[in-house]
Amino acid sequence: MGKIIAGIGTSHVPAIGAAMDRGKANEPYWKPLFDGYLPAREWMKNNKPDVAIIVYNDHASAFSLELISTFTLGVADEFLPADEGYGPRAVPNVKGHAEFAWHLVEQLILDGFDMTIANDMPVDHGLTVPLSIMNGEVDVWPYPVIPLCVNVIQYPPPTGGRCFMLGKALRQAVEAFDEDLNVVIFGTGGMSHQLQGQRAGFINPEFDTMFLDGLTKDPASLASISHETYMREAGSEGIELVMWMIMRGAMGDNVKEIYRHYHVPASNTAAGLIILENA
């Protein structure tokens, strides 16, 4: 059977990828952030999964406003880095795991989640930056990836509660797979930030800390956070944190925090990282 061995929550700030790609990770502005990633990369080397499920959102690379899917699961053998207007990131192509992905999408649909199936889908910084954060600069990503793309761009996005329930269903689907696979699930996006309007540049470390604490202590309360509360307390782009709830739902009821890193600012964003294992 499949087994989820850990959950990772991480920001996917595009400037983090750009800093790595342009050799700026050791510059004074970026070094404190990237130094905090080193223990997480060491953990990943020591706990290399057979496959990773990465929950992320597309940034108008694979989907436009002409077609919006709430939940999309990629079932291809390979996913190419997207051209986000300045060329694709110079990172390896993302290898998929089609057999496992098709199993997951079948199980989720039969369990009542109306998943969109993507046989071909470019992946942008929402997915590749988390891979870079956890693995550094590599010639080949060390494990295949199943992309799970969530709409948090066009209103209405799914609620945190619905995402939490999707995570629970995803865990059951993983465990129903008839091959032994060690799986890590990423929830990405956030933390607090706003990119436009009168509150552009808004960051709320108190809310971010509460959210990180709640992942281990009281995830049910996080699942009840409303869209309005995310907007008010975490900025308009803080809604991305609902994707962390899919990760948390896929874990067991009791988890232990293995590592945490929080840094402000990363570009105009609060950058958070947490690693959870089942207790």
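Which residue's side chain meets that of E233 in a salt bridge?

Modeller: In this predicted model, the side chain of E233 meets that of R232 in a salt bridge, at 3.2 Å from N to O. E233 counts as partly exposed because its relative accessibility is 28%. R232 also falls in the partly exposed class, since its relative accessibility is 48%.

Another of them is formed by R260 and E257, whose closest N and O atoms are 3.0 Å apart. R260 has a relative accessibility of 27% and is therefore partly exposed. E257, with a relative accessible area of 32%, is likewise partly exposed. Through salt bridges that share partners, E257 and R260 are joined with D213 into one network.

A further salt bridge is made by the side chains of R89 and D21, at 2.8 Å from N to O. This pair links distant parts of the chain, the two residues being 68 residues apart. R89 lies in the loop between β4 (78-79) and β5 (94-95), whereas D21 is in helix α1 (residues 14-21). The two ends of the pair also fall into separate accessibility classes: R89, at 10%, counts as buried, while D21, at 38%, counts as partly exposed.

R41 presents another arrangement. This residue is located in helix α3 (residues 38-46). R41 is buried yet has no salt bridge. The nearest side chain of opposite charge, that of E137, is 7.4 Å away, and R41 has no salt bridge with E137 because that distance exceeds the 4 Å cut-off. The side chain of R41 does, however, reach the backbone oxygen of I133 at 2.8 Å. Beyond its neighbours within four places in sequence, R41 is in contact with M20 and F34, with the stretch S132, I133, M134 and N135, and with G136.

In soluble globular proteins, nonpolar side chains tend to be buried together. The largest nonpolar core here has 53 residues, and L73 and F211 have the most contacts inside it. A second, separate core of 39 residues includes F34, together with A52, Y56 and L127. As for L73, residues up to four places away in sequence are not counted in what follows. On that basis L73 touches A101, L104, V105 and L108, then M115, T116, I117 and A118, and finally I146, P147 and L148.

The cysteines complete the account. A search of the whole structure finds zero disulfides. C149 is in no disulfide, and the nearest cysteine sulfur, that of C163, is 12 Å away. The two cannot be counted as a disulfide because the cut-off for the sulfur atoms is 2.5 Å. C149 counts as buried because its relative accessibility is 4%. C163 is buried as well, with a relative accessible area of 0%.

Definitions and conventions:
Residues numbered from 1 in each chain as written. Predicted model: local features only at pLDDT ≥ 70, side-chain atom pairs only at ≥ 80, totals over all residues. Heavy atoms only, no water. Core = buried A, V, L, I, M, F, W, Y, C linked by side-chain atoms within 4.5 Å. Buried < 20%, exposed > 50% of the residue type's maximum accessible area, 1.4 Å probe, protein only. Contact = heavy atoms within 4.5 Å. Helix = DSSP H or I, 4+ residues; strand = E, 2+ residues; numbered from the N terminus. Lys, Arg positive; Asp, Glu negative; His and termini not counted. Polar contact = N/O pair within 3.5 Å; in protein donor to acceptor, adjacent residues only side chain to side chain.
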